[in-house]
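Good morning, colleagues. Please turn to the structure on the screen, and I will take you through a few of its features.

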Amino acid sequence: MTDDHNFSPADEGLSPNPDIEITMEGSSEDGEQLHQDEGSEQEIDGEEVFGFESTDLGDDTNQVLAIEHVDIANTADQMLGINRDDLENDMQVLDFERNGHDHSSEQMLEIQCGNLDNGIDRDTVIDDQNLVSGAKDYLPPVVGMEFESYDDAYNYYNCYAKELGFAIRVKSSWTKRNSKEKRGAVLCCNCEGFKTMKEASSRRKETRTGCLAMIRLRLVESNRWRVDEVKIEHNHPFDPERVQNCKSHKKMDPGSKRKLEPSVDVEVRTIKLYRTPVIDTVGNRSSNERESGNQVDQSKHLKLHQGEAEYISNFFGRLQLTNPNFFYVMDLNDEGHLRNVLWIDSRSRAAYGYFGDVVAIDTTCLSKSYNIPLLLFVGVDHHLQSILLACGFLVDETMETYIWLLRAWLSCMSGRPPQTVLTDRCKALQSAISEVFPRTHHHLYLPLVMQSILDKLEVGASKVFQDVLNRTVYNSLKADEFEMAWEEMIQHFGLRDHKWLQTYYEERERWAPVYLKDTFFAGLVTFPPGDCMSPFFDGYVNSQTTLKEFFNIYELVLQKKHQKEALDDLESRKYIPVLRTRCNYEVQLSEVYTKEIFLKFQVELELMSNCFNVTQIHANGPIITYVIKERDAEGDMNNARNFEVMYDKVGLEVRCICSCFNFRGYLCRHALQILTYNGIEDIPSQYILSRWRKDFKRLYAPDIGSNVIDVTNPVQWFDHLYRRAMQVVEEGMTSQDHYTVAWQAFKESLNKVRLVADRHVQ
């Protein structure tokens, strides 16, 4: 067993590599200078350990995609530059040229563009990075962005800041010891921190507000700079006019615009347009076995019953008219038979922006016992309820099919992969994720692993065995504890001859919590065991559900889920919890967290009473390591356990060996006890995630887009009015007062429209 998984403050302190020197920028205005950040003073960078592991934005792809992106609002804004024709026109099929996959025939991809005025038979170039674009030239920074140089990274953030209306400066940077080679840096908002007493006494106006907005950069692979940490939110208004004169913007290179956009690893593809119908093929599903090979038979296709292909096409066509930004992709073979399909509604696309950090891929229905080869992308919302992020039908489970699926989904999500992906043990899917999301944390979904072990073992039904397994998996704090407990379990229950169980053990670093403490899971890996989310279509889809039955209940289920979320939002805003402790943290977060999250956090507050005997065991500058004891559930002192907690006095950062924050998204009782011990009255803001806040404004309405429409085009009338109305609906759901105003506005608008109609009649 290596030391990598042991929690040792001596070996894994908060400082970066000992060969790295850190320079902290001063708080003076000169701190804006780009290259005034090198020095010899060596300090501790408290952010080095606490940051989440980064992800990367996408993956380069020559993979065939069928991009079904309908935006019926404004033809001038269409990314493909395709004019529209009538909705009855034949489907447009895109054939993406392939370069890197071993099969002879090109895969056919379908794009449904309602209302094309003119067909196109010439080659067209599409940039998938701009498939879902906003009005801004520079997208907000996200973890995983990469740049070719430090200057490129700085200039990108500077351009983004100028466009938004704030200035930036270099907060700190670090170089390799005895070298001027820069290894990392933190770029922050110019309003970060506060002036020193000496500076505050000057006559210059105070411009600093303690803003926390920043990005943290790190050199990787010797020649690329990656964004490792991002804080987007500012605590001050923007002033685009004033910041034009700030030093960081005065020295901008005019030629830097656009060329310094971060790489998103989604290549520009050359596409050709063809016309072909989707052909029905009567029969059963193409595959009754879970396949894991890498070779693809291009003649293979979904075995659809009579009329089902037309049913799918009509269903998607109807959703396009009623659901702006609805996206679907059809993958056809050379004969026009349907192989795979992926679809995402506009609400799911918007929800991914809020809850796309952790995604589970549910392949339950791909087993041979189900009629429909359904695959789901699922996340978790601010009420710990599952949310749908995409659906798909797959012809098989080969690596290439999964690559097609993941790249299509990634293109729809603007090339922004999740931080963490959870799946079952399908080898083909694991390989596809490694290729398409190379820097995303990929792990096995723990509840599936645990259930599989119990189902396959004869002793799985034994309560004694279940208790031992749960203790081994969930209670181990260090890797060596887990490995010793596993060995004892194998010996005690005589499981040495179970080869498949040995394969689970060999993959333990992909599913056992003790190895996953640096990965963020947002509650998708839950404790206690058995307390996991239900499948998204639980109670609606079973092994006998047919394709038409699924589509008949699809919108109903989504509507019920959306209604439940709206009711949960309303309940959380009205909820006045009964406070159970005298801790200020309880009061603080009762005003912030949604009801579901607060109730879980309240349990941690109550369990603080079981924690005692805080002892300092190590100090490294401002970073201190404590050991805190905790009584067991029965309050027995003899079975008390020790928990190591590291605390950074300067950065107000805390990390416990139990890693509750990464697993659940809120601090544990041990970390809270250490904050209390150090006199911290309020939980630091970095530990109050916006994804759990009840006061965070989430709008699922599609982007409004341009107000310039073709006044002679009724379809554009509908789309423009629908988008505006949906924005009012989303705003109107935020409170009862908002609802009243929105409803009154709707009534007044309807009356005015009817008056116009009456005048025409007269």
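Leu 217 stands opposite Val 227 in strand β9. Please note that we are looking at a predicted model. The strand that pairs with β9 here is β8, residues 214-220, and the two run antiparallel, joined by 7 bridges.

Strand β9 covers residues 224-231 and also pairs with β5, residues 146-147, again in the antiparallel sense, over 2 bridges. Within that pairing, Glu 146 has Arg 226 of β9 as its bridge partner. As a general point, side chains in a regular strand alternate between the two faces of the sheet.

Which residues make the nonpolar surface patch? They are Val 728, Val 729, Met 733, Tyr 739, Trp 743 and Phe 746, and the patch amounts to about 550 Å². Two helices, α19 (714-732) and α20 (736-761), each supply at least two of the patch residues. The largest share, 3 residues, comes from α20.

Val 729 lies in helix α19. Is Val 729 buried or partly exposed? Its relative accessible area is 37%, so Val 729 counts as partly exposed.

Finally, the chain as a whole. It contains 20 helices and 21 strands. Of its 762 residues, 52% are buried. Among contacts with a separation of 6 or more, 69% involve residues 24 or more positions apart. The accessible surface of the chain comes to about 35,000 Å², and carbon and sulfur atoms account for 49% of that surface.

Methods: Residues are numbered from 1 along each chain as its sequence is written. This is a predicted model: local features need pLDDT of at least 70, side-chain atom pairs count only at pLDDT 80 or more; totals for chains, interfaces and linings use all residues. Side-chain values use heavy atoms; hydrogens and water are left out. Patches are made of residues with over 30% relative accessible area and no salt bridge: like charges are joined within 9 Å, nonpolar side chains (Val, Leu, Ile, Met, Phe, Trp, Tyr) within 5 Å. Accessible areas come from the Shrake-Rupley method with a 1.4 Å probe; for residues, only the protein chains shown count as cover. A salt bridge is a side-chain nitrogen of Lys or Arg within 4 Å of a carboxyl oxygen of Asp or Glu. Helices (H or I, at least four residues) and strands (E, at least two) are DSSP runs, numbered from the N terminus. Buried means under 20% relative accessible area, exposed over 50%, partly exposed in between (1.4 Å probe, protein chains only). Contact means heavy atoms within 4.5 Å. Two strands pair if DSSP finds at least two bridges between them.
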